[in-house]
Amino acid sequence: MAELKVEIDPADAGFDPERLARIGSHFGAYVEDGRLAGWLSLISRDGRIAHLETAGHRDKEAGLPVESDTLFRTWSLTKPITSVAAMILYEEGRLGLHEPVSDYIPSLANVRVYQRGPVAAPVTVPAAEPVRIWHLLTHTAGFTYGFHHAHPVDEIYTAEGFEWSAPPEMDLATAVDTWAGLPLLHHPGERWNYGVSSDILGRVIEIVSGQTLDRFFAERVFEPLGLTDTGFWVPEADAHRLAGLYAANPADGKAVRNEALGGNPTVKPRLLSGSSGLITSAGDYHRFLHLLLNGGELDGVRLLSPRTVRYMTRNQLPGGADLATIGRPVLFGLPSFGGLGFGFGFATVQDAAAAKVISNEGEFSWYTASSMFFWVDPVERLIGLFFAQLVPVRRHPLYSRVRQLAYQALVD
């Protein structure tokens with residue numbers, strides 16, 4: 001990957017440089033008082049970087065700063081890449097959005113839905129309809145994560161070893177078959193809930209393509225786009241570039257080193273997670289987002305058609321509902337689910353006024369529990385990234401602040 005750097009004068013990209021500097025001064029305070037170990041922010045227009053700033057440490061204990069080539073665990077920013085990979089197969093006619101997932105994974109043929117009762121003896125009923133490919137892409141299938149701790153099904157996942165990750169001995173196929181035997185939170189297509197759907201989608205990709213998920217991603221996404229820093233593990237030679245993982249101290253909110261949730265990033269994981277498994281750099285992820293802003297093509301490489309990208313990034317929730325109406329809140333410190341729909345791995349702005357953050361209808365974005373965030377605004381032709389490594393982020397309004405500070409600086 002070429003050196004990541006500012007490529008256009010902010011004023012030439014429509015930004016007031018003094019106003020744009022507010023991003024650094026605002027988030028610099030998070031490092032100064034210990035709320036974040038470090039961070040990277042990037043804003044581009046038409047794919048040309050107008051703002052790139054780093055602060056603090058990627059490894060506070062070793063005194064190593066965040067740099068433009070720092071590697072970050074993507075956590076849920078893996079999900080949009082998995083969605084793009086699935087839609088590559090869709091465009092080749094190798095899967096359909098309405099097809100039952102059980103056509104590819106037989107263990108999902110007879111899923112059941114939680115009705116009542118304790119974790120040890122839940123009462124369930126048969127799902128009203130099959131789990132379909134589009135349910136996985138939109139997180140409306142009924143799967144969950146244990147870390148929500150808001151419903152008996154969450155606790156069932158935790159009891160089975162699926163709180164933040166999977167038991168270390170499990171591979172992807174075994175994990176998917178295990179989830180198939182656990183109750184769904186709701187009937188497929190009934191509500192939105194954040195869960196392991198993208199992992200199951202990753203398994204579908206493996207079955208349809210005949211390749212492991214890491215090989216499919218490498219050959220069909222990373223290598224064509226020149227994403228040399230992105231993968232499921234980090235080569236030993238690049239381990240020094242990796243940002244450490246930090247947790248918010250419950251007492252004061254300050255960042256404390258906690259690698260327990262991160263696994264060993266220098267070893268190929270047994271479970272290749274399409275939900276949260278990738279590691280990347282800001283430069284690589286920006287190229288991926290530029291591909292989407294550009295309608296599925298970048299530097300002469302086309303992965304998807306413009307119509308597919310538009311379809312993926314429109315609201316796909318049943319009845320055109322927003323997340324506030326049929327979604328269950330997640331841990332990410334979002335100011336509101338109002339006005340936000342959901343596409344194929346992305347939140348989508350339906351009503352900017354209801355979203356309560358300056359934005360445009362048609363913007364698509366996503367977030368992680370580890371303080372990472374992106375948004376793509378096709379109206380302003382703008383991409384924004386904010387990368388840090390703090391779990392959980394709900395104490396701090398990082399995501400809304402970076403957007404409002406970016407838009408107040410856009411003056412053309």
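This is a predicted model: local features need pLDDT of at least 70, side-chain atom pairs count only at pLDDT 80 or more; totals for chains, interfaces and linings use all residues.
## A first question

Is Arg132 buried or exposed? At 13% relative accessibility, Arg132 counts as buried (buried means under 20% relative accessible area, exposed over 50%, partly exposed in between, with a 1.4 Å probe and protein chains only).

Residues are numbered from 1 along each chain as its sequence is written, and side-chain values use heavy atoms, with hydrogens and water left out.

## Charged partners

Side chains of opposite charge can pair when their charged atoms come close. Here there are 22 salt bridges (a side-chain nitrogen of Lys or Arg within 4 Å of a carboxyl oxygen of Asp or Glu). In the pair we began with, Glu129 and Arg132 meet at 2.8 Å, N to O. Elsewhere, shared partners join Asp59, Glu61, Arg73, Arg257 and Glu259 into one network of salt bridges.

Within that list, Glu61 and Arg257 have their closest N and O atoms 2.6 Å apart. Glu61 sits in the loop between strand 2 (48–59) and strand 3 (64–65) and Arg257 in strand 8 (residues 255–257), so this bridge ties together parts that are 196 residues apart in sequence. Helices (H or I, at least four residues) and strands (E, at least two) are DSSP runs, numbered from the N terminus. Arg257 is partly exposed, at 32% relative accessibility.

Another bridge joins Glu380 to Arg45, with 2.9 Å between the closest N and O atoms. It links distant parts of the chain, 335 residues apart: Glu380 is in the loop between strand 15 (373–377) and strand 16 (382–387), and Arg45 is in strand 1 (residues 38–45). Arg45 is buried, at 5% relative accessibility.

## Open spaces

Now let us look at the pockets (on a 1 Å grid over the protein atoms alone, open sets of points where a 1.4 Å probe fits, with protein on both sides within 12 Å along at least five of seven lines; lining residues have an atom within 4 Å of a point). The largest pocket holds about 900 Å³ of space. Its lining has 39 residues, with Ser165, Leu261, Gly262, Ser273 and Ser276 nearest the centre.

The second largest pocket holds about 320 Å³. Of its 19 lining residues, Thr228, Thr230, Gly231, Phe232 and Trp233 lie nearest the centre. Helix 8 (residues 213–225) gives the largest share of this lining, six residues.

Definitions and conventions: Grid points are joined across faces, edges and corners, and a volume is the space filled by probe spheres set on the points.
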